[in-house]
Amino acid sequence: MNTPKARATCVGGSGEDWRAGAVCASCDPDLWFPVESATSASMAAEARRLCGTCPVARACLIEAMTAEGSSGAASRYGIRAGLTGEQRYAQFRRQRRDARIARQPEAAAGN
Ligand code: SF4
């Protein structure tokens with residue numbers, strides 16, 4: 001049975017590049033790219049749990065959102081900062097909507 005391996009030893013390192021602090025750098029990367037299988041949900045859950053312990057999650061999310069730009073959910077691969085591609089796309093859409101509203105304050109106020 002293919003189950004997520006114990007990740008108790010996955011910890012971030014240190015260094016000038018934020019990636020040096022990434023928890024996933026010391027883990028099996030397959031966890032962050034679960035394929036369709038019976039274990040994919042548990043792998044994704046483990047990846048999200050580990051992201052929750054990652055000291056560089058904010059930088060990770062900023063980089064992912066920048067790199068993915070306006071790409072659709074299907075083009076956003078893997079789990080980044082605890083978010084799936086669909087969740088990052090939803091966040092992109094919220095940010096785009098909020099930016100649009102901020103540029104048009106009268107419309108947002110209903111005037
Ligand atoms: S937050 Fe980003 S850098 Fe940290 S473990 Fe998750 S995917 Fe890796």
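I started at Val 35, which sits in the segment before helix H1 (40-51); helices here are DSSP runs of H or I with at least four residues, strands are runs of E with at least two, and both are numbered from the N terminus. This is a predicted model, where local features need pLDDT of at least 70 and side-chain atom pairs count only at pLDDT 80 or more, while totals for chains, interfaces and linings use all residues. Residues are numbered from 1 along each chain as its sequence is written, and side-chain values use heavy atoms, with hydrogens and water left out.

Is Val 35 buried or exposed? I found Val 35 exposed, because its relative accessible area is 57% (exposed is over 50%, buried under 20%, partly exposed in between, with a 1.4 Å probe and protein chains only). I also checked Val 35 against Gly 78: they are 43 residues apart in sequence, and their C-alpha atoms are 9.3 Å apart in space.

Next came the ligand. Around the ligand I listed Ala 22, Val 23, Cys 24, Trp 32, Cys 51, Cys 54, Ala 57, Cys 60, Ile 79, Arg 80 and Ala 81, taking residues with a heavy atom within 4 Å of it. I sorted this shell into ten nonpolar, no polar and one charged, with Ala, Val, Leu, Ile, Met, Phe, Trp, Tyr, Cys and Pro as nonpolar, Asp, Glu, Lys and Arg as charged, and the others, Gly among them, as polar.

Last, the whole chain. I counted four helices and zero strands, in the order α-α-α-α from the N terminus. Of the 111 residues, 29% are buried.
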